[in-house]
Amino acid sequence: MGWILPELKTITGNFANVIHGLNANHLTDQVIQRSKRMILDTLGVGLLGTSTEVCHKVTQYSKIYSSDISSTIWGHLDFRLPPLYAAFVNGVAVHSMDFDDTWHPATHPSGAVLPAVIALSEAFPQKKKISGLDLLLAFNVGIEVQGRLLRFSSEARNIPKRFHPPTVVGTMGSAAACAKLLALDQLKCKNALAIAASYAGAPLANAATQTKPLHVGNAAKHGLEAACLASQGLQGNKQILDMESGIGAFYTDYNPQALPTLQSYPWLLDQQDVAIKRFPAHLGTHWVADAASSVRRKLVESSDNFLPLDKIEKVILKVPEVKYVNRPSPTSEHEARHSFQFVACSALLDGSMSVQSFTSENIHRPALQELLSKTQLEHPPDNKPSFESLYCEVHVTIQDGNPISDRCDTFYGHWRKPLKKEDLEKKFQSNASSVLPAEATEGILETVYNLEKVEDCSVLSTFLSGQSASVLSEKLRFL
Amino acid sequence: LWETVTSSFASFIHAVRPEHLSKTVRQRSKRMILDSIGVGLVGSTTSSPECPSLSQELYSSVAVSSVYGKPGIKLSPTLAAFTNGVATHSMDFDDTWHPATHPSGAVLPALLAASQMLPPSTKPNGMDFLLAFNVGLEVQGRLMHFSTEAHDIPKRFHPPSVVGTMGSAAATAKLLSLSTAQCGHALGIAASLAGAPMANAATQAKPLHIGNATRLGLEAALLAARGMEANPLILDDIPGCSGFSAFYSVYQPKPLSTPSDHHEFLLEKQDIAFKRFPAHLGMHWVVDAALSVRNLFINYAGSFSPSLIRTIVLKIPVSKYINRPFPSSEHQARHSFQFNACTALLDGEVGLSSFTESSIHRQEVRELLDKVVVEHPEDNVANFDKMYGEVALLLHSGDVLTGKCDTFYGHWRKPLSKESLLKKFRSNASHVLPEEKIEAIITMVDNLENLSDSSQLACKSWGIIWKLVPQKELCLDIF
């Protein structure tokens, strides 16, 4: 058939051209800075997540398959896994506690991409080095594709109800990022997207269960697999993004658009930052936590510096209507992380939320259970289920006292009020140090901060496995 | 005791026994098993599964499972299932049910792989295997009855990727004797792995749908065996937070009755269609109609003389993905009413060789295709139970010859005879297996209920001697 010109007329072809054509020069300073923050946060969250039960289960499962080619399992020096399963396990770790970043329109962008590109970077033959800049570029391609796809449907603007977004756009983003890292040509980039679509899409109902973290793990793994299959020459539908029976199958309204031209490419991450979580629970609960903490301070001030628990009659939370985060009495950690009520009561009791708030003892403590029984939700019509516009009000009525309330429009960590550098680092250190020695956590910090100058990004994987410092100092070379 | 739909499915999978299989069901399902193996064997010769070599490259693992017809290649169980599933659907030669799906390819490879995984002391016998297979079919059929959409030829999600994944999970859960709760979780985990859009049909990626259905369902069951938990209401209707309902716009789930003394399997009332040539089921109607009018034409004109034909009118149902006036690849040709009709007219038959590159691009075929006009009579519904195919030859002389087919030979209303089914199997299997193996498989399947170790079926099908792997290398302590 001869030479086939890239089909510029199709959206799919256009995406393939952009994935193929973007290079390091296109990355702006802000995009570089923001994406490095995302990378750091994701690594920390993933390292912490390796200690979870869900992660233990998928690790045991994945160990059925050993391999000659292998990639690092974050936090582990004792074994490695084939790249696909490394991407899977690390992706599960990242989302295991719902501690990873969130974007607008809603998805968890980094967890679906970073584990895949890091695992893939380790699978290249020795002579081919992947630089930090290669990794950073591929990562951003993966984020960008997700953001663009989310804009193809107005449904995506709101908190989801049907398909869990990381499983739809995350799989596609992972495929795009891996295609970029593999330096696939336009045709193969198209096929990577097409093949990935056939892996995409998991229903929302598994949110707030142990299976939810697998959504991100699978997105990473399947996107990587799609890129590898495309690299081998497997072909799919070249109009996968154009057709309603393609990616459109996951939406009831679907309007795909072409990407901007490569000339001074306008990255979405430039215009729209991510939210970084301060504690491991659904993003919607972060508004609740800030409002509840503030109400607690007021309560304590007005009651001679102690919390008048038994005087509390009612706690009313004014939140948007989001069924899967409405849980009056959660019994598992997964449910607790998806419960407006639980977070409000925890924050009222303790003053702030942390990783510890979700332990079994804390979930089941009597004081909390009692407060939960007094808690109700209200859904004001002006409180839209969108991470861009939602708010939370906490109203507490007390015996013989005035009702106390507060409102949170923008929690600290939201893109409108991003975490300061020190606080981002503090979160990372707290997470990573639960699994890695100090030299490794320092090494990761330094590597990520200087990622665009790192000659050989495999040093990142080495730190992630917790290997000893002496090996590393010689490896950490900057351009 | 009010039971959820999901728990009724879990109970059924767990509690159903071989005694519940009626004679008809046993007989029909054994035919399906035989056909599926044959189709997988011939499919393993196609270029479509680059998968085995890819899988080998990415994971040369502690391999215990082998691949249809490929001596020397061993893969991990889920990848063997994947590869064999892809092979089964690679030529669109596998069975089709009503409501529409390809049931066997999604279940059999998983069971064959799982049977090889289990330690020698707990090998399932032939009856266990047959039961598990039927559980896999039954679950698929029951799920399709949850939505009226499923009765018609699909438009949005490819059914094998939706119900096939669930069937594979159910069948594997049965073979592994998981508890009721674990069976439920297997379904829940599988739902998060289900669902591929239709757009990849008629491309090289389509066979992946079956490959992934069987492999991911197997994975879901393996994860459930390890204690992974999902949403216990995954099949139920959960307003505001979609479970399995995500894949349908109309969804009315119904509980399965626990098999007491008598459970009627859907296969009892609704048989399967076996294909006579490797193309989409819809093609079979137009081919039989074309063959019929070809005979009339030969009687009329003495021989098949295309120059006498002015127009060829095809009366077919509306279905975009199988309406292709000028297919350019084998995958497109298998999904083209026009191509199949013209090939049948020209050659007097349609078979494996009809879809080679040279056959597709024959000048005589192109000339006939130029004469084709398509009509969509209102009474021709896009439904495998109701559709028909009509081919009319409008001759230059003014005469009109017509052939119509309501029920092609191989359809469930006119099932293939035992001889025809064996002929198809022998023809397929002979591409990769020697005669003794072929006859051995036929005998084994025929006497499946009496087989003491069903992993023997896998060994024979895959053409090599299975080597025992020391048990501690397999992390299979699932009991």
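This is a predicted model: local features need pLDDT of at least 70, side-chain atom pairs count only at pLDDT 80 or more; totals for chains, interfaces and linings use all residues.
Residues are numbered from 1 along each chain as its sequence is written, chains are lettered from A and ligands numbered from 1 in the order in which they are written, and side-chain values use heavy atoms, with hydrogens and water left out.

Moving inward, 66% of the 479 residues of chain B count as buried, where buried means under 20% relative accessible area, exposed over 50% and partly exposed in between (1.4 Å probe, protein chains only). The chain has 18 helices and six strands; these are DSSP runs numbered from the N terminus, with helices being H or I of at least four residues and strands E of at least two.

Now for the interior. A nonpolar core is a set of buried Ala, Val, Leu, Ile, Met, Phe, Trp, Tyr and Cys residues joined through side-chain atoms within 4.5 Å. The largest one holds 269 residues, and among the members that touch the most others are A:Leu43, B:Leu235 and B:Phe244. Helix H6 of chain B (residues 126-144) gives the most to this core, with eleven residues. A second, separate core of 48 residues includes B:Met198 and B:Cys342. Leaving aside neighbours within four places in sequence, B:Phe244 has contacts that include A:Pro203, B:Leu143 and B:Tyr251 (contact means heavy atoms within 4.5 Å).

Over in chain A, helix H1 (residues 11-21) is largely enclosed by the rest of the structure, because nine of its eleven residues are buried. Among them are A:Ile11, A:Phe15 and A:Ile19. The buried residues of H1(A) pack against helices H6 (132-150), H7 (165-181) and H8 (186-197) of chain A.

Finally, look where the chains meet: 59 residues of chain B are in contact with 56 residues of chain A. Together they bury about 4700 Å², 59% of it on carbon and sulfur atoms (the accessible area, 1.4 Å probe, that two parts lose on being put together, summed over both). The chains share two salt bridges, meaning a side-chain nitrogen of Lys or Arg within 4 Å of a carboxyl oxygen of Asp or Glu. B:Arg215 and A:Glu225 meet in a salt bridge at 2.7 Å, N to O.
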